[in-house]
Amino acid sequence: MKGMVAFGFFILFLGGLALVNLSNRVPVSKESARAVTLPELVRERWRLAALIDEPAAASTAFEMQFTRGGAVSGNGGCLSFNASFELGRSAPLFRDIELFERACTEINPPPEIALMKVLRKTARITYDDRNIVLLAADQTRLARFGPVPLYNNQ
C-alpha cells in the first residue's frame with residue numbers, strides 16, 4: 001500500500017515537472033512581464049529555477065550575478081562562466097562567453113552545457129514576479145531564475 005501511495009506521488013511530481021517545462025515554451029505575454037532594469041539585475045544573485053528542454057538542469061545549484069559594468073558570471077555543477085552583456089542590445093544579449101571546467105564526476109555533457117546554449121540564444125531578459133526570464137528573439141521562454149539576496153542586502 002505504501003509503495004502505491006509513493007508511486008502516486010512520484011507520478012504527480014513528474015506531471016508537475018512536465019507542466020513547468022511546458023509553461024516555459026509559451027511566448028511571454030506583454031502584460032505578465034516587463035523589461036528588467038540594471039538595478040534589478042545587480043541587486044541579487046540569480047539561481048536557476050527552470051530551463052527549457054532540460055528539466056534536470058534546474059536541480060543544479062547554478063547561480064549567476066550581474067554587475068553594473070556589463071559583466072555577468074555564474075557557476076554551479078561542473079562549469080563556471082564569465083560573459084559580457086548589454087541590456088537593450090540586439091541578440092545575442094550575452095557576448096564573449098568564457099567557460100571554465102571544474103573538477104567534476106557528473107555525467108557528460110553536464111546540464112550546464114544546456115544553460116550555455118540558452119545564454120547564446122538569449123535576446124532579452126524580462127522581470128516577472130521577482131524572477132528574471134531569459135527570452136529568445138521570438139519571445140519564447142528559455143530559462144527562469146529566482147532571486148538569491150546578496151549578503152549585504154539582507
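In what order do the 9 strands of the open sheet stand? In this predicted model, the order is 1-7-8-9-2-3-4-5-6.

**View A. Arrangement and edges of the open sheet.** The 9 strands of the sheet are joined with antiparallel pairing. Strand 1 (34–35) and strand 6 (94–101) stand at the edges; each has a single partner strand, so one side of each lacks a neighbour in the sheet. Strands of a sheet pair through backbone hydrogen bonds, either parallel or antiparallel.

**View B. Pairing of strand 2 with strand 3.** Strand 2 (residues 44–51) and strand 3 (residues 63–66) run antiparallel and are joined by 3 bridges. W46 has M64, in strand 3, as its bridge partner.

**View C. Hairpin of strand 3 and strand 4.** Strand 3 is also connected to strand 4 (residues 71–76), and the two run antiparallel with 4 bridges between them. E63 finds its bridge partner, N75, in strand 4. Between the strands of this hairpin there are 4 residues, and G70 takes a positive phi near 90°.

**View D. The largest pocket and its lining.** The space in the largest pocket amounts to about 150 Å³. Its lining consists of I52, D53, E54, A114, K117, V118, K121, T140 and L142. Helix 3 (residues 111–121) supplies the largest share of this lining, with 4 residues. By residue class, the lining comprises 4 nonpolar, 1 polar and 4 charged residues.

Methods: Residues are numbered from 1 along each chain as its sequence is written. This is a predicted model: local features need pLDDT of at least 70, side-chain atom pairs count only at pLDDT 80 or more; totals for chains, interfaces and linings use all residues. Side-chain values use heavy atoms; hydrogens and water are left out. On a 1 Å grid over the protein atoms alone, a cavity is a set of points where a 1.4 Å probe fits but cannot get out, and a pocket is an open set with protein on both sides within 12 Å along at least five of seven lines; lining residues have an atom within 4 Å of a point. Grid points are joined across faces, edges and corners, and a volume is the space filled by probe spheres set on the points. Ala, Val, Leu, Ile, Met, Phe, Trp, Tyr, Cys and Pro count as nonpolar, Asp, Glu, Lys and Arg as charged, and the others, Gly among them, as polar. Two strands pair if DSSP finds at least two bridges between them.
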